[in-house]
Amino acid sequence: MIRSTTPLALALMLAMPAYAQDVSAPAPAPTPSAAARNAIVNAELPADQAALKSHVMFLASDAMKGREAGSPEFNIAAQYVASQFYAAGLKPAGDDGGFLQSVPLISYKLDSGTLALTAKSGPVTLEAGKDFIVGANPETPDFTLTAPVVFVGYGIVGQGRDDYKGVNVKGKIVAYFGGAPESFPGEIGAHFSNPASKAEIAARHGAVGTITLESPRTAKTRPFAFYAGYATRARFTWGNPNGTGHISAPGTPGLGMISMAGGEKLFAGAKQKWAAVLKAAEADNAVFKAEALPVTVTVAAKTALTPVQSYNVAGMIPGTDPTLSKEIVVLSAHLDHIGVGRPDKTGDTINNGALDDAVGIASLIEEAKRFKGAETKPRRSILFLAVTAEEKGLIGSDYFANHPTVPAEAIVADVNLDMPIITYKFQDVVVYGATHSTLGPIVERAGKAIGVPLSDDPLPGENIFVRSDHYNFVRKGVPSVFLWPGAGGPGRAAIDDFMKNHYHQPSDEVGQLPAIDWESGVRFVDVNYRIAREIADGDQRPLWNKGDFFGTTYNGPGAK
């Protein structure tokens, strides 16, 4: 799962690896840990549990060096998944009749950047690293822009508010605070906190760039100095055909960030005093008045681009119904992890990613085998999709969503498997997205079939709904869900332990984690299989609930 960040951190770090490396430099040769060497030593398991564990043992072994997207070890892992899809009897659904879809990643890094401010009285001095940070621009590596600035509050349109009301931002730069009002429902607030969502709103209004403003609320968790330290670190996106990098709102790049100290200078001569704006921003549900500021900003940025090749892996089970087989249910999981990084207290540098997300990929493989071995084949077609670069900003799934290897209009649902924590016998399941579409009753029935109810999000402040690959299908109007074992019984303690002591750390490894409960892993496979099976065999394709925010926002079926 992509690293947890605040909304402002996402603006600068969404596509950045956990420990960014020079992509041209080889990773240091790892020393296998005792846990890795002894991982195979255990009591004999039933065949279904042993099969699940065998995939994880390979994918999360030290030999895979953490499966960082673009690395030789990731490519080996992709070939492993392709071979498993072949063994399970899946049809190739990648490029050129194979299982692999080529994903042209782009590593991009700010070489140099300046931001100049001109008020009615003349130039205003701004200090780099103190007043502002310039953002890298992979879409236009040699970039210059001069334009007026308009303040638009949170930069949100929706949920009963219009932060652009009364102003014309066409051809102008918009400046807004990160995050969203506390009154927004959790998943909707997470959506609007996503920088991509705000950039898309700005683009629809004709803006030519965006600037994120530091606020008193965001400064409490991660101050401006934190972001300044990351301003020149490498990040990732996927590549356009001309070799440049994709951005979420083409033509409306993120230009950078201005601190609270810099905001005082930005608002010089404005009708609203910056001190009053900051005071208002401290409130949970602040409402701001949009205003064209009496200043012009000139931004210049030079961005270095480095192509990095990676792959998604796609295999298909064709449906049997003459009509419904043309529709496709996607089962997805991410294959990458964060690679080799800083040593932990034991000196281990390999972030193995056993639960994040080797278990998800193993579940995907075992579900494929269940579908293929079932006496009755599914009516709809099933696409099994292992994606790259989730940890670098959900990039592999975003690339697939924009360049699908199957007809885009044929995709009717996505069921995503990411980081199931199976170190305990789960008593319930959390299903992100269940309340938004007719998938909700389907997942509830699947849980009841194995004796587990649906439960609430155990980590409501983590914005998980926008942090895994299903979200890119949601943004294409496809009803989607993402499952986790729940926090009932021993679950709360197990989830807390993993997130504190193992998440994105070398100890996410078979042999170092608390004992993985492979029986629970098989139960997790079972509930996911039941969900996908009912979607595949249902007479009606999944529909967004009438009036649902995500369905109406992305013009999904059934929402209007």
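Biologist: Before we start, what are the ground rules here?
Modeller: It's a predicted model, so local features need pLDDT of at least 70 and side-chain atom pairs count only at pLDDT 80 or more, while totals for chains, interfaces and linings use all residues. Residues are numbered from 1 along each chain as its sequence is written, and side-chain values use heavy atoms, with hydrogens and water left out.

Biologist: Why the two sides?
Modeller: Because side chains in a regular strand alternate between the two faces of the sheet.

Biologist: Which strands does strand 16 pair with, then?
Modeller: Strand 17 runs parallel to strand 16, with 2 bridges, and strand 18 runs antiparallel to strand 16, with 4 bridges. Pairing takes at least two DSSP bridges between the strands. Tyr 432 has Phe 482 in strand 18 as its bridge partner, and Val 429 stands opposite Leu 454 in strand 17.

Biologist: Switching to helix 16, how many of its residues are buried?
Modeller: 15 of its 20 residues, so to speak mostly covered. At its start, a side-chain oxygen of Asp 517 reaches to within 3.1 Å of the backbone nitrogen of Glu 519.

Biologist: And what does the side chain of Glu 519 meet in a salt bridge?
Modeller: The side chain of Lys 425, at 2.8 Å, N to O. Lys 425 sits in the loop between strand 15 and strand 16, and Glu 519 is in helix 16, 94 residues apart. Lys 425 is partly exposed at 46% relative accessibility, as is Glu 519 at 41%.

Biologist: How many salt bridges are there?
Modeller: The count comes to 21, taking a side-chain nitrogen of Lys or Arg within 4 Å of a carboxyl oxygen of Asp or Glu.

Biologist: Which residues are linked in a network?
Modeller: Glu 182, Arg 217 and Asp 284. Glu 182 and Arg 217 meet at 2.9 Å, N to O. Glu 182 lies in the loop between strand 8 and helix 5 and Arg 217 in helix 7, so the pair ties together parts 35 residues apart in sequence.

Definitions and conventions:
Buried means under 20% relative accessible area, exposed over 50%, partly exposed in between (1.4 Å probe, protein chains only). A polar contact is a pair of N or O atoms within 3.5 Å; within protein, one must be able to donate a hydrogen and the other to accept it, and residues adjacent in sequence count only if both atoms are side-chain atoms.
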